[in-house]
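Please look at the sequence and the structure shown here before reading the points below.

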Amino acid sequence: MRIAILCSPQLDRFQQEVLAPIMDAPDIEIAGVLIDCRPRPSLKERFVKNLKRGRGGYMLVMLAKRLAAKKVPSMPAVGYFSERGVACVETRQPYSSVTLQKTAEMSADVMVMLGGFGIVKEPLLTMAPQGILSYHHGDMRRYRGQPVGFWELYNNEKTMGVTVQRLSAGIDKGSPIAEKTIEIERGDTVASLSQRALDNSVGMMLDALHKIQNPDFEPAVIDRYGSVYTIPNLRQYITLKVKLLFRK
């Protein structure tokens with residue numbers, strides 16, 4: 001099977017751990033890498049945007065946490081793949097005719113999206129015969145969108161889902177290729193739950209790739225998708241903090 005990787009310029013630890021077994025798999029060939037180099041909105045731009053949507057307080061809390069946290073190790077995607085002999089295409093225009101031509105020339109059976117690109121559109125969405133596989137750390141039947149683990153804790157769920165989906169138009173409305181359930185522990189925080197979800201989903205992408213190689217494999221059919229969740233406001237953030245305090 002030939003696969004193409006879609007990613008952002010930096011690969012974090014989780015993305016590198018997902019890639020490791022895929023790179024070593026004898027039945028998988030990495031046809032190429034497409035790197036989304038479009039400039040990301042600045043912190044100020046993101047704050048202003050969320051302030052207009054009533055989420056400015058939450059963004060200030062997250063900014064303070066980010067400044068106080070240890071820097072998360074990452075490495076340049078170009079360096080990672082170049083060391084392994086895989087050609088990269090860097091672009092600020094993923095839907096330009098030039099980029100689409102270079103992507104088509106990879107002749108990938110399926111694409112794996114690990115970062116960047118936002119909501120993928122046509123013609124990139126269906127350029128590969130098997131489409132694009134991407135993680136969604138949630139159960140699409142109940143929780144679409146973000147942040148990872150927040151709304152499951154907010155709604156007092158006992159479990160959360162993790163999915164590798166074949167993307168389709170819409171937010172987290174694809175076909176589930178691989179799924180897993182993560183137990184929510186009594187002392188969980190958003191950070192601990194999201195980290196455990198990441199840790200337990202590392203091997204799911206390789207599992208999904210092997211599943212779609214089987215001509216008899218049929219993805220599960222979702223009759224009804226869940227609501228789309230988004231970044232909470234400050235009141236919802238404080239409510240969750242109080243809930244978690246009483247749970248402990």
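The points below describe the chain as a whole, then its cores, its backbone and some individual residues.

This is a predicted model, in which local features need pLDDT of at least 70, side-chain atom pairs count only at pLDDT 80 or more, and totals for chains, interfaces and linings use all residues. Residues are numbered from 1 along each chain as its sequence is written, and side-chain values use heavy atoms, with hydrogens and water left out.

**Overall form**

- The chain contains 9 helices and 11 strands; helices (H or I, at least four residues) and strands (E, at least two) are DSSP runs, numbered from the N terminus.
- The radius of gyration is 19 Å, close to the 18 Å that the globule rule gives for 248 residues, so the chain is as compact as a globular protein of that length. The radius is taken over C-alpha atoms, and the globule rule is 2.2 Å times the number of residues to the power 0.38.
- Along its principal axes, the C-alpha trace spans about 55 × 40 × 30 Å.
- Contact means heavy atoms within 4.5 Å. Among contacts between residues at least 6 apart in sequence, 74% join residues at least 24 apart.

**Surface and charge**

- Of the 248 residues, 43% count as buried. Buried means under 20% relative accessible area, exposed means over 50%, and partly exposed lies in between (1.4 Å probe, protein chains only).
- The chain exposes about 13,400 Å², and carbon and sulfur atoms supply 53% of this area. Accessible areas come from the Shrake-Rupley method with a 1.4 Å probe; for residues, only the protein chains shown count as cover.
- There are 34 positive and 25 negative charges, and their mean positions are 12 Å apart. Lys and Arg count as positive and Asp and Glu as negative, while His and the chain ends are not counted. The place of a charge is taken as NZ of Lys, CZ of Arg, CG of Asp or CD of Glu.

**Nonpolar cores**

- A nonpolar core is a set of buried Ala, Val, Leu, Ile, Met, Phe, Trp, Tyr and Cys residues joined through side-chain atoms within 4.5 Å.
- The largest core has 50 residues, of which I3, I5, I22, F81, L133 and L209 touch the most other members. Helix α8 (residues 204-213) supplies the largest share of this core, 6 residues.
- Another core, of 16 residues, lies apart from the largest one; A108, L125, A128 and I132 are among its members.
- Leaving aside neighbours within four places in sequence, F81 is in contact with I5, C7, L11, L19, M23, V33, V86 and C88.

- Most residues other than glycine have a negative phi, and most peptide bonds are trans.
- A cis peptide bond joins E122 and P123, with omega of about 5°; P123 is in the loop between β6 (110-113) and β7 (132-136).
- The loop between β8 (143-145) and α6 (150-154) holds P147.
- F117 is not a glycine, yet its phi is positive, at about 75°. The loop between β6 and β7 holds F117, which counts as buried at 4% relative accessibility.
- D172, also not a glycine, has a positive phi of about 50°. D172 is in the loop between β9 (159-166) and β10 (175-183) and is buried, with a relative accessible area of 14%.

**Individual positions**

- M75 belongs to strand β4 (residues 74-76) and is partly exposed, with a relative accessible area of 21%. Not counting residues up to four places away in sequence, M75 touches P9, Q10, L11, Q16 and Y80. M75 and R13 are 62 residues apart along the chain, and their C-alpha atoms are separated by 8.6 Å.
- S201, in the loop between α7 (190-199) and α8, is buried, with a relative accessible area of 0%. Not counting residues up to four places away in sequence, S201 touches F14, Y135, H137 and V162. The C-alpha atoms of S201 and K180, 21 residues apart along the chain, are separated by 7.8 Å.
- E17 is in helix α1 (residues 13-24) and is partly exposed, with a relative accessible area of 32%. E17 and E218 are 201 residues apart in sequence and 27 Å apart in space, C-alpha to C-alpha.
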